[in-house]
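Here are my notes on the model, as numbered points.

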Amino acid sequence: MGLALGLGTAAQAVEVTITCGPSGSDVEFCLKHAQAWATKTGHTIKNFSPPTSPTEKLALYRQLFAAKSGDIDVLQIDTAWPGILKDHLQDLKPFSKGLENQHFPAIVTNNTVGGRLLAMPWYTDAGLLYYRKDLLAKYKLPVPTTWEELTAAAQKVQAGERAKGDNDFHGFVFQAKAYEGLTCNALEWVSGSGGGTVVDAQGQITINNAQAAQALNRAARWIGTISPVGVLNYEEEEARGVFQNANALFMRNWPYAWSLLQKDDSLVKGKVGIAKLPGTPSAATLGGWHLGVSKYSKNAAIAADLVMYMTSAQVQKARAMGGSFNPTLPALYQDKDIITANDFMSSLADVFANSVARPTTATGLKYPQVSQSFYNAAHEVMSQRATGEEAVKKLESRLKQIRRKHW
Ligand code: GLC
């Protein structure tokens, strides 16, 4: 692609590589705005399309960083990562001119390590329950508030729809592949059953408890009953595919799914409601993505300019309107256009305000191992290779090994 010449800036124009994608709306809304910045500045954009799974994305970034590679300038950084990638990201404070102070303070704190602002807040996430309004009405069922209610409703509607000949219909789809997304789902089941957050804020390993074991056992009973066995290999987009094709009653997913479910080609357009996840108390895992600049970028100041543009109110509003990505700027939650397009952003404000963080702060650089051990334990239970009780006991010893003397 040619440079945006004709601006008389060819001598300074550079190519900036950003990680947009690879899934549908991420590519669309990330690249569209990055291109708009390029047109405005005369620089060019190159996309480095990363794997969908955050677990694989992180592994790839770590390889590139180990080689001090300047191949990627601007990186999408998961909420769970600033502590892990702290040595490889630029401090954005010299470029941000204090604008980070307009974003949610908790996210800025999350993204600041040792006084260095490692990523500008871009969008925030929390786990949500998507449901088919039309089907709950047809079967005269309320929106479930406990996992038991969800299970019973899913059984009833699945049996009813299958009896009518819809053999591909399922009660509940979610993310249960062995990857970071399962950590997010399983944390919701465990924490939403009073079983804690695997490791608590003080660094104590808390996972070996009866509530956690029962929460995993309950999820295991969904497999092959109200959920297809295939969920054991589902990420977000696989779950959305099934739900959007009108083949499921309930889905656990993040806010981005909302706008895609409302598109003209969606078989469930106008038939979907969103509620807080079941649980006592309901727990939604905190997620979200931010933009950082690689320490090995050859054009850090220009890359930082792109980051500031991409995280600006103007771009966050467009992304919220078109892609239902939750802004990180509190002011945008008063914006009428955004509220009209995404009613759930205001009606579920308490879900976003009270979402449960993964134990990243307490476990620091060891978080990837902690998460991997947790999702593997959950996956074992769900694939009938261990009971919940066995799995949480084994996980406790594994986490002790990882921790050794300290996190
Ligand atoms: C979403 C969340 C992110 C999380 C991921 C898990 O993208 O924003 O925080 O790690 O899902 O799949």
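1. A search of the whole structure turns up 1 disulfide, a disulfide being a pair of cysteine sulfur atoms within 2.5 Å. The bond joins Cys20 to Cys30, with an S to S distance of 2.0 Å. Its torsion about the S-S bond is about -60 degrees, so the disulfide is left-handed. Cys20 sits in the loop between strand S1 (15-18) and H1, and Cys30 in helix H1, so the pair ties together parts that are 10 residues apart in sequence. Helices (H or I, at least four residues) and strands (E, at least two) are DSSP runs, numbered from the N terminus.

2. The model is predicted: local features need pLDDT of at least 70, side-chain atom pairs count only at pLDDT 80 or more, and totals for chains, interfaces and linings use all residues. Residues are numbered from 1 along each chain as its sequence is written, and side-chain values use heavy atoms, with hydrogens and water left out.

3. Cys20 and Cys30 are both buried, where buried means under 20% relative accessible area, exposed over 50%, and partly exposed in between (1.4 Å probe, protein chains only). Cys184 also counts as buried, at 3% relative accessibility. The closest cysteine sulfur to that of Cys184 is in Cys30, 20 Å away, which is too far for a bond.

4. The protein chain is divided into domain 1 (15-118 + 287-348) and domain 2 (128-283 + 358-403); the bounds come from an automatic or database domain assignment. The C-alpha centres of domain 1 and domain 2 are 27 Å apart. Across the boundary, 25 residues of domain 1 are in contact with 22 residues of domain 2, contact meaning heavy atoms within 4.5 Å.

5. The largest pocket holds about 580 Å³ of space. On a 1 Å grid over the protein atoms alone, a pocket is an open set of points with protein on both sides within 12 Å along at least five of seven lines, a cavity is a set where a 1.4 Å probe fits but cannot get out, and lining residues have an atom within 4 Å of a point. Grid points are joined across faces, edges and corners, and a volume is the space filled by probe spheres set on the points.

6. Which residues lie nearest the centre of the largest pocket? They are Ala106, Ile107, Leu286, Phe352 and Ser355, out of 28 lining residues. Strand S11 gives the largest share of this lining, 4 residues. The lining residues divide into 16 nonpolar, 10 polar and 2 charged; Ala, Val, Leu, Ile, Met, Phe, Trp, Tyr, Cys and Pro count as nonpolar, Asp, Glu, Lys and Arg as charged, and the others, Gly among them, as polar. Domain 1 and domain 2 each provide at least three residues of the lining of the largest pocket.

7. The second largest pocket has about 440 Å³ of space. Of its 26 lining residues, Thr52, Tyr123, Glu236, Trp254 and Trp289 are the closest to its centre. Its lining divides into 8 nonpolar, 8 polar and 10 charged residues. Elements that supply at least two of the lining residues include H1, S6, helix H9 (236-244) and S11. Here too, each of domain 1 and domain 2 gives at least three lining residues.

8. Leu64, Phe65, Ser69, Ile72, Leu75 and Ser294 line the cavity. These divide into 4 nonpolar, 2 polar and no charged residues.
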